[in-house]
Amino acid sequence: MHSPLYFNGRYTTTAERVIGAEDRGFQFGDGIYEVIKFMRKRPLLAAEHLQRLAAGLSALDIRPPLSSGEWMGVFQELIERSGESDGTLYLQVTRGETPRSTLYPMDLPATVVAYARGMQFPQRDARVAGIAAITVPDLRWSRCDIKSVNLLGNVLARQEARRRGATEALLVRNGFFTEGAHSSVFFVLDGMVVTHPSNDGILHGTVRDQVLRIAREAGVNISERPVSRDELEFTREAFITSTTQGVMPLRTIDDHAVPGNGISLKLGDLYVEFENQLASQ
């Protein structure tokens, strides 16, 4: 079934092929994207996603094609056209289409694509069961804080996870965990939740930020520091966060069994409560 699609100011569906062969997003990965969850037809954390989108566009020197209010109008229209209550919005802004060259015109109109798609999100029994993860080298470029469409390193990492019977790949650079191939990663060490600090080595996840806030409000001790691969043997719990997974405990990392999930499930339950509050507003 085709999904409703917004493309450069008009609505169509994903059945229509709309991207030009010389679009810079297609040829160079020269663009930014976001994935936003919606529940009960309400986009969640849309302002935070749009703030990150704006920061990424600024970092790439791409002029914002729509205001926040215009984006919100697009989101609501796509959700209504989808007929879905729960799902995801995908939006992508590229530098635009021009004859192929690493140089680009400064006044190039951006290409804007967005679509809505229904999705079922993990329930609590899935979080109780947890998922398996593997570790792989972090081969990505150094500006991981920019949510660009350059995702080849992430793609290869997740395919390796699938090949080895796991769901997620945890990326390791210079002996330290950075994040997951499509998630943020947290470890519980000596009763403290530990995660990589917010710098250009990781994406500043919108769910990650909310989980950190929720954890602090719940009295959970937090440390933002790099976790080494050698600390796995001392890890009592581990979990990932993402727009589509929420808070998902890890049951194994490579051959290491992660023994607990108490803090992970507590934070997951609190995050579900938070999402339900947002969807009810």
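Which residue takes a positive phi in the hairpin of E10 and E11? Hold that thought for a moment. First, a caution: what you see above is a predicted model.

Now the answer. Asp 190 is the residue, with a positive phi near 55 degrees. The hairpin has two residues between its strands. Strand E10 covers residues 184–189, and strand E11 covers residues 192–195. The two run antiparallel, joined by four bridges. Look for Phe 186, and opposite Phe 186 you will find Thr 195 in E11.

E11 also pairs with strand E12, residues 222–224. That pairing is parallel, with three bridges. Here Val 194 faces Ser 223 in E12.

Let's move to the six-stranded sheet. The sheet is open, and the strand order is E2-E1-E6-E5-E3-E4. The pairing is antiparallel. Which strands stand at the edges? They are E2, at 10–13, and E4, at 42–43. Each has a single partner strand, so one side of each is left without a neighbour in the sheet.

Inside that order, take E3 and E5. E3 spans residues 31–39, and E5 spans residues 87–94. Eight bridges join this antiparallel pair.

Helix H2 lies across E3, E4 and E5. Its direction is at about 180 degrees to that of E3. Helix H3 packs on the sheet as well. H3 touches E1, E2, E3, E4, E5 and E6. Between the directions of H3 and E6, the angle is about 40 degrees.

H2 and H3 also pack on each other. H2 is residues 46–59, and H3 is residues 68–82. Their axes are 11 Å apart, at an angle of about 125 degrees. The two helices are therefore oblique to each other. The crossing is right-handed. From H2, the contact uses Ala 46, Leu 50 and Leu 53. From H3, Ser 68, Trp 71, Met 72 and Phe 75 take part. By class, that is six nonpolar residues, one polar and no charged.

H6 is residues 206–217. The axes of H6 and H7 come within 10 Å and cross at roughly 110 degrees. That makes H6 roughly perpendicular to H7. This crossing, too, is right-handed.

Who meets whom here? On the H6 side we have Val 207, Gln 210, Val 211, Arg 213, Ile 214 and Ala 215. On the H7 side we have Leu 267, Leu 270, Tyr 271 and Phe 274. The contact of H6 with H7 has eight nonpolar residues, one polar and one charged.

Last topic: salt bridges. The count comes to 22 in this model. Let me pick out one of them. Lys 37 and Glu 275 meet through their side chains, at 2.9 Å from N to O. Where do these two residues sit? Lys 37 is in strand E3, and Glu 275 is in helix H7, residues 262–280. The two are 238 residues apart, so this pair links distant parts of the chain.To recap the places to look: Asp 190 in the hairpin of E10 and E11, H2 against H3, H6 against H7, and the pair of Lys 37 and Glu 275.

Technical notes
Residues numbered from 1 in each chain as written. Predicted model: local features only at pLDDT ≥ 70, side-chain atom pairs only at ≥ 80, totals over all residues. Heavy atoms only, no water. Axes fitted to C-alpha atoms, helices over the stretch in contact; angles between N-to-C directions. Parallel < 35°, antiparallel > 145°, perpendicular 65-115°, else oblique. Left-handed = near helix turned anticlockwise from the far one by under 90°. Contact = heavy atoms within 4.5 Å. Nonpolar A, V, L, I, M, F, W, Y, C, P; charged D, E, K, R; others polar. Pairing = 2+ DSSP bridges. Salt bridge = Lys/Arg side-chain N within 4 Å of Asp/Glu carboxyl O.
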